[in-house]
Amino acid sequence: MRIGLLGTGPWARTAYAPALAGHPGLEFAGVWGRRPEAADALARRYDVAAYDEVDALLADVDAVAVALPPSVQAPLAVRAARAGRHLLLDKPLALTVADARAVAEAAERARVASVVFFTARFQKEPEAWIEEQAAVAGWYTARAQWLGAVFTTDSPFAASPWRREKGALWDVGPHALSVLLPVLGDVTRVVAAGQGQGDTVHVVLDHAAGASSTLTLSLTAPPAAAGAEVELRGEAGVAALPPGTEDATTALTRAADALLTAAATGRPHPCDAAFGLRVTEILTTAEARLTGTGD
């Protein structure tokens, strides 16, 4: 499968490009970016073509990987799907329900495969744990803490305008939901949401299987306090999400495997654009709670 990369930022350079270039089932065909000079530099590093126009890249590939801000990702993903190109996307899928729905509907209409990259869903240990816990009945409650130090360190992502605007709810909230939803079922109600220090938010959810969960999300945690934890409690006892030992490039390689399988079989992956839409819907409702515009 020939695949092109849309994006040239830190995430594209450190994770996406090496994953695409090193995957034995993919032919890394080229790069497009909003800054042509950055696309040229990244393309030269991997000895691939740099494209000035998105449509020119789409004409030369079977699939695209998108490493761009969500507000930019969504319309380009729609464009790629309408051109019949499979989609390897990043979280969050979009920042509005309308944009996320447009991606999901375009992929469905074009019958192209889509995979949204939620890191924990493509790391070996967390992926196995999620599958195991989803088969266990009787979960009563869950607690997820996803605490980042993006804004309290020299992280290359700290300057990201959309992260500055939308904060932890939209950046690490998708990760927490990607773990909880397959285990506890869909969210039936966002019970409450409140602000903490910095961009920290606390969210309480009800789930279809009867359990409730609490999320604590932050990008402004002190570096010594940063980390991710998920704990389930129920009839089977207590279960904790194991840490992922694989880096982002390895996890992206697994996501590319999933895209290849979905494209070959026609069977949707659990983390497809429709799932990305559902995550966007939940985050939108939580955001409305935070801003006082919800029910």
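**Pockets and a buried phenylalanine**

Colleague: Which elements each supply at least two residues of the lining of the largest pocket?

Modeller: Those are α1 (10–22), α4 (70–82), β7 (139–147), α7 (161–171) and β11 (227–234). Helices (H or I, at least four residues) and strands (E, at least two) are DSSP runs, numbered from the N terminus. Bear in mind that this is a predicted model: local features need pLDDT of at least 70, side-chain atom pairs count only at pLDDT 80 or more, and totals for chains, interfaces and linings use all residues. Residues are numbered from 1 along each chain as its sequence is written, and side-chain values use heavy atoms, with hydrogens and water left out.

Colleague: What counts as a pocket?

Modeller: On a 1 Å grid over the protein atoms alone, a pocket is an open set of points where a 1.4 Å probe fits, with protein on both sides within 12 Å along at least five of seven lines; lining residues have an atom within 4 Å of a point.

Colleague: Which residues lie nearest the centre of the largest pocket?

Modeller: Trp11, Lys91, Phe157, Arg163 and Asp171, out of 45 lining residues. The volume of this pocket is about 1,200 Å³, counted as the space filled by probe spheres set on the points, which are joined across faces, edges and corners.

Colleague: And how does the lining split by class?

Modeller: There are 27 nonpolar, eleven polar and seven charged residues. Ala, Val, Leu, Ile, Met, Phe, Trp, Tyr, Cys and Pro count as nonpolar, Asp, Glu, Lys and Arg as charged, and the others, Gly among them, as polar.

Colleague: How much space lies in the second largest pocket?

Modeller: About 300 Å³. It has 18 lining residues, with Ala107, Glu108, Val112, Pro268 and Asp272 closest to its centre. Two or more lining residues come from each of α5 (97–110), α9 (248–265) and α10 (273–291), and α5 gives the largest share, four residues.

Colleague: New topic: is phenylalanine 28 buried or exposed?

Modeller: Phenylalanine 28 counts as buried because its relative accessibility is 10%; the cut-offs are under 20% for buried, over 50% for exposed and partly exposed in between (1.4 Å probe, protein chains only). Phenylalanine 28 sits in strand β2 (residues 27–32).

Colleague: What does phenylalanine 28 touch?

Modeller: Leaving out residues up to four places away in sequence, phenylalanine 28 touches Ile3, Leu5, Ala17, Leu20, Ala21, Tyr46 and Val48, where contact means heavy atoms within 4.5 Å.

Colleague: How many helices and strands does the protein chain have?

Modeller: Ten helices and twelve strands. Of its 295 residues, 52% count as buried, and the C-alpha trace spans about 55 × 40 × 35 Å along its principal axes.
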